[in-house]
Amino acid sequence: MKYQFPQGFWWGSASSAPQSEGASMEDGKSATIWDHWFAIEPARFHQRIGPRDTSGFYRRWREDIALLRRLNHNTFRTSISWARLIPQGRGEVNPQAVAFYNNVIDELLAQGVTPFINLFHFDMPLAMQQLGGWENRAVVEAYAAFADVCFQLFGDRVKHWFTFNEPIVPVEGGYLYDFHYPNVVDFKRAAVVAFHTMLAHSLAVRHYRARNQDGEIGIILNLTPSYSRSSDPDDVAAAHRADLLFNRSFLDPALRGRYPQELVRLLGAYGQLPTCRAGDAALLKEGVVDLLGINYYQPRRIKSRESPADPADLFMPEWFFSPYEMPGRKMNPYRGWEIYEKGIYDILTNLRENYANPRCFISENGMGVEDEQRFEQHGQIQDDYRIAFIRQHLQWVHRGIQEGSHCLGYHMWTFIDNWSWCNAYKNRYGFVQLDRASQRRAIKKSGEWFAAVAADNGFAEEDNDGRS
């Protein structure tokens, strides 16, 4: 069987400014929360490797974009660093940053690679976090102003914009589960951050549409389908509540312009709703996106709680469900994540059946593996496991498209091995191997395979030995 994809399908990969640029305190850039956190708690980062030590895109952008072309990318997503472009978060624009991003955009276009530009990838400027971050509506306004500056400076060439990447992650990491700065554990504050993020998104969308730049604007959400342990009503209800909290809390406002009433009632019953102001509901309606990016890595397996939550305990999402480890599940042991390829199809099906089949694309999908040097032969990483991972996910994407889903592309995470938050370089994800010491780049076997798939706009089904 040949898996042929629609004409004009977007083949590419995704990256971000804080994970690839480096030069984190150079040429006028100010500190982000990651620079600050690393400075005060370096032991929280794998092997004490911080955000200064990334894949060096700030200096090697021309070389890296040439590699994108060799990988037959027709699209590539990265982000603009708010702290680099507007170092104080608002006010004066950094001319060195403008020159850098102009160079990157122009070179991508010159190489036939369409730029997809995201505006926020977890990298809050420290100056804004010191004002309260997303808890402060002044920061919401400052972000919208930053977005508008980006549209003004680059919107003549960039026609695919995204306001946020995985906006639930700073909520979970920074305000619930202590894996991002500011390391708060407080559901009510987390709910405020989530709500204000979507207000910031909607303000940016309003600014973009006011400029009439003949492009589109969207958001990138990491969607984790919630599967119940069984058909027992308690398990099903638990999975439904997990879906409300972790998926629909961003998916519904992005695609419908409003929050699910079930979620509002649930949080209201426990006194966890953020404060709404006059005009907020109307603003959210303006934020319905033109294009949805879907990041998919793993499913969420859910069962009902064996006993009710103790009202004296800290209020958390797990008051409503418990995680479930499905027997026999396929795992990526390095990342600790289940591999469930059909989940990507289930997401597309849900969007088609319940959200009016929006224009969307797979904006991230990837497999992180530790100590990939084990698989090097004759100077190349033989990452057949990554090829199998991509191929099996793409087969389900293809099925979704065949059934009518409006999925326009597939972007892998990531182009080159890069710095990954507290994990640093513990797990490698790239099509291109990075030697950190020498900064040498080398295309892995998966990169060659992907380049062939992109050139052919599809691939043949392969047998269990990986031979076509």
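**The annotated site and its surroundings**

Tutor: Leaving out residues up to four places away in sequence, Glu 364 touches Ala 14, Arg 77, His 121, Asn 165, Glu 166, Ile 294, Asn 295, Tyr 296, Tyr 297, His 411 and Trp 413, where contact means heavy atoms within 4.5 Å. The model is a predicted one, in which local features need pLDDT of at least 70 and side-chain atom pairs count only at pLDDT 80 or more, while totals for chains, interfaces and linings use all residues. Residues are numbered from 1 along each chain as its sequence is written, and side-chain values use heavy atoms, with hydrogens and water left out.

UniProt, in an unreviewed entry, lists Glu 364 under "active site"; such positions follow the numbering used here, feature names are shortened, and annotations may be inferred rather than shown by experiment. Glu 364 belongs to strand β13, which covers residues 360–364; helices (H or I, at least four residues) and strands (E, at least two) are DSSP runs numbered from the N terminus. Because its relative accessibility is 3%, Glu 364 counts as buried, a word that stands for under 20% relative accessible area, with exposed over 50% and partly exposed in between (1.4 Å probe, protein chains only).

The loop between α13 (342–354) and β13 holds Pro 358, and this proline has a relative accessibility of 14%, so Pro 358 also counts as buried. With neighbours up to four places away in sequence set aside, Pro 358 touches Leu 255, Leu 351 and His 406. Pro 358 and Leu 291, although 67 residues apart in sequence, are 7.1 Å apart in space, C-alpha to C-alpha.

Turning to the nonpolar interior, a nonpolar core is a set of buried Ala, Val, Leu, Ile, Met, Phe, Trp, Tyr and Cys residues joined through side-chain atoms within 4.5 Å. The largest one has 138 residues, of which Trp 82, Leu 85, Trp 134, Tyr 143, Phe 154 and Trp 161 touch the most other members. Helix α9 (residues 187–211) gives the most to this core, with 13 residues. Another core, apart from the largest one, consists of 7 residues, including Trp 10, Phe 162, Ile 220 and Leu 408.
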